Amino acid sequence: VTPARTYLEACDIDEAHVDRTFVTMVAQAFLSNRGANLPDVRDSKALCDIARNMRIYMEKVQKMTQWKNEGGRMVFLKARVADIGQYAEMVSTRQHVHGLTREDFWELWEVVVSDGH
């Protein structure tokens with residue numbers, strides 16, 4: 001007996017409904033995490049709506065990750081072409097390096113170490 005088989009038996013999940021049961025569990029977890037009211041996820045329209053919302057959410061996460069990466073790259077490239085005065089201005093913009101975002105700090109750091117300083 002595999003652990004998965006034992007789990008299905010313990011939860012009284014019919015093997016014919018495994019996919020639908022797990023999709024329902026994921027949908028409920030997604031909605032619960034977002035503080036949304038839980039619709040009847042056995043309803044096919046509710047599942048379609050949840051799937052659409054999950055796609056929109058995942059696209060947003062992907063876009064935010066892309067923007068974060070591109071923003072870090074821009075900081076790196078600006079610092080790379082800056083003279084010492086401009087670089088000092090970038091570092092001291094927020095009064096101290098602790099005021100920089102984590103990404104900006106490490107991009108500025110990378111410029112320094114890539115130049116051998």
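Before we start, a word on the model: it is predicted, so local features need pLDDT of at least 70 and side-chain atom pairs count only at pLDDT 80 or more, while totals for chains, interfaces and linings use all residues. Residues are numbered from 1 along each chain as its sequence is written, and side-chain values use heavy atoms, with hydrogens and water left out.

Let's begin with the overall layout. The chain has five helices and zero strands, and from the N terminus on the elements run α-α-α-α-α. Here helices (H or I, at least four residues) and strands (E, at least two) are DSSP runs, numbered from the N terminus. How much of the chain is buried? Of its 117 residues, 18% count as buried. Buried means under 20% relative accessible area, exposed means over 50%, and partly exposed is in between, with a 1.4 Å probe and protein chains only. As for contacts, meaning heavy atoms within 4.5 Å, take those between residues at least 6 apart in sequence: 33% of them join residues at least 24 apart.

Now for the packing. Two packed helices are described by the angle between their axes and the distance between the axes. The axes are lines fitted to C-alpha atoms, for helices over the stretch in contact, and angles run from 0 to 180 degrees between N-to-C directions.

For the terms, angles under 35 degrees count as roughly parallel, over 145 as roughly antiparallel, 65 to 115 as roughly perpendicular and the rest as oblique. The crossing of H3 and H5 is right-handed; a crossing is right-handed if the near helix is turned clockwise from the far one by less than a right angle, and left-handed if anticlockwise. On the H3 side, the contact includes Lys68, Gly72 and Arg73, and on the H5 side Glu103, Asp104 and Glu107 are among the partners. By class, the residues of this contact divide into five nonpolar, two polar and seven charged. Ala, Val, Leu, Ile, Met, Phe, Trp, Tyr, Cys and Pro count as nonpolar, Asp, Glu, Lys and Arg as charged, and the others, Gly among them, as polar.

Next, please look at H4 and H5. They pack at an angle of about 150°, with their axes 11 Å apart. That makes H4 roughly antiparallel to H5, and the crossing is left-handed. Tyr87, Met90 and Val91 in H4 meet Leu108, Trp109, Val111 and Val112 in H5. Which classes do we find here? This contact has seven nonpolar, no polar and no charged residues.

The remaining pair is H3 and H4, whose axes come within 8 Å and cross at roughly 145°. Val75, Lys78, Ala79 and Val81 in H3 meet Gln86, Tyr87 and Met90 in H4. Five of these residues are nonpolar, one is polar and one is charged.

What do these helices share? The largest nonpolar core has eight residues in all: Val75, Phe76, Ala79, Tyr87, Val91, Leu100, Leu108 and Val111. A nonpolar core is a set of buried Ala, Val, Leu, Ile, Met, Phe, Trp, Tyr and Cys residues joined through side-chain atoms within 4.5 Å. H3, H4 (84-92) and H5 each supply at least two residues of this core, and the largest share, three residues, comes from H3. A second, separate core of five residues includes Ala27, Phe30, Leu31 and Ile50.

Let me finish with two residues. Phe76 lies in H3 and is buried, with a relative accessible area of 11%. Leaving aside neighbours within four places in sequence, Phe76 is in contact with Glu107, Glu110 and Val111.

Leu38 lies in the loop between H2 (18-33) and H3. Is Leu38 buried or partly exposed? Leu38 is partly exposed, with a relative accessible area of 48%. Beyond its neighbours within four places in sequence, Leu38 is in contact with Gln28, Leu31 and Ser32.
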